[in-house]
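Colleague: I have a model open and would like to learn how to read it. Can we go through it feature by feature?

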Amino acid sequence: MTEKNERRRALRLDARLKLEVQLPGNDGSSNIANLETINISSSGVYFKSDHFIEPMTKLVMELEICVPDDNAKGKNTTAAVPCEGIVVRTKPEAVTEGCEDYEIAVFFTHIKPEGMANLERHITLLMADVD
């Protein structure tokens, strides 16, 4: 039996988060799609879409995450994480007749430091729930 060579460096955790994605149109316009993530890490996001998105497509996105509330000990609040990324994998790999859910893997290419700090705080919360 051979071991699968895992290339990921960041821990990926299951998370159903609200995700807003600007889907590029063929005419240069963009449409907003409100989607849900499958899982998340500090380096990328995996989500379902009813639209096929070609690998290597650049996306502008915004995640809605839960983070500890600095003003209320033991409570959480929501935070928006604007980010950009590039599609690295789409399943199925081509437009498929009758496919209602494409699975899209995106590698983050840009997140502001405050957004990354909030994302890491959210991942810490998810890890605490796993224990």
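Modeller: Start with disulfides. A disulfide is a pair of cysteine sulfur atoms within 2.5 Å. A search of the whole structure finds zero disulfides.

Colleague: Where did these coordinates come from, and how are they numbered?

Modeller: This is a predicted model, where local features need pLDDT of at least 70, side-chain atom pairs count only at pLDDT 80 or more, and totals for chains, interfaces and linings use all residues. Residues are numbered from 1 along each chain as its sequence is written, and side-chain values use heavy atoms, with hydrogens and water left out.

Colleague: Is Cys83 buried or exposed?

Modeller: First the cut-offs: buried means under 20% relative accessible area, exposed over 50%, and partly exposed in between (1.4 Å probe, protein chains only). Cys83 has 3% relative accessibility, so it counts as buried. Cys66 has 27% and is therefore partly exposed. Over the protein, buried residues make up 34% of the 131 residues.

Colleague: How many helices and strands are in the protein?

Modeller: Both come from DSSP runs: helices are H or I with at least four residues, strands are E with at least two, and numbering starts at the N terminus. Here there are one helix and seven strands. Along the sequence the pattern is β-β-β-β-β-β-β-α. The C-alpha trace spans about 50 × 50 × 25 Å along its principal axes.

Colleague: What share of contacts joins residues at least 24 apart?

Modeller: Among contacts between residues at least 6 apart in sequence, that share is 58%.

Colleague: Which side chain makes a polar contact with that of Asn39?

Modeller: A polar contact is a pair of N or O atoms within 3.5 Å; within protein, one must be able to donate a hydrogen and the other to accept it, and residues adjacent in sequence count only if both atoms are side-chain atoms. The partner of Asn39 is the side chain of Arg12, at 3.0 Å. Asn39 sits in strand β3. At 11% relative accessible area, Asn39 is buried. Beyond residues up to four places away in sequence, Asn39 touches Arg12, Leu13, Asp14, Ala15, Val45 and Tyr46.

Colleague: And Ala10? Which residues is Ala10 in contact with?

Modeller: Ala10 lies in the segment before β1 (13-14). Leaving aside neighbours within four places in sequence, Ala10 is in contact with Ser41, Ser42 and Ser43. Ala10 is buried, with 17% relative accessible area. Asp50 is 40 residues from Ala10 in sequence and 27 Å from it in space, C-alpha to C-alpha.

Colleague: Now the backbone. Which peptide bond is cis?

Modeller: The bond from Lys91 to Pro92 is cis, with omega near -10°. Pro92 is in the loop between β6 (76-91) and β7 (102-111). Met56 lies in the loop between β4 (44-49) and β5 (58-68). Its relative accessible area is 60%, so Met56 is exposed.

Colleague: Last topic, the second largest pocket. Which element gives the largest share of its lining?

Modeller: A pocket, on a 1 Å grid over the protein atoms alone, is an open set of points where a 1.4 Å probe fits, with protein on both sides within 12 Å along at least five of seven lines; lining residues have an atom within 4 Å of a point. The lining of the second largest pocket includes Leu23, Asn31, His51 and Glu54. Elements giving two or more residues to this lining are β2 (18-24) and β3 (30-40). The largest share, three residues, comes from β3.

How values were computed. Contact = heavy atoms within 4.5 Å.
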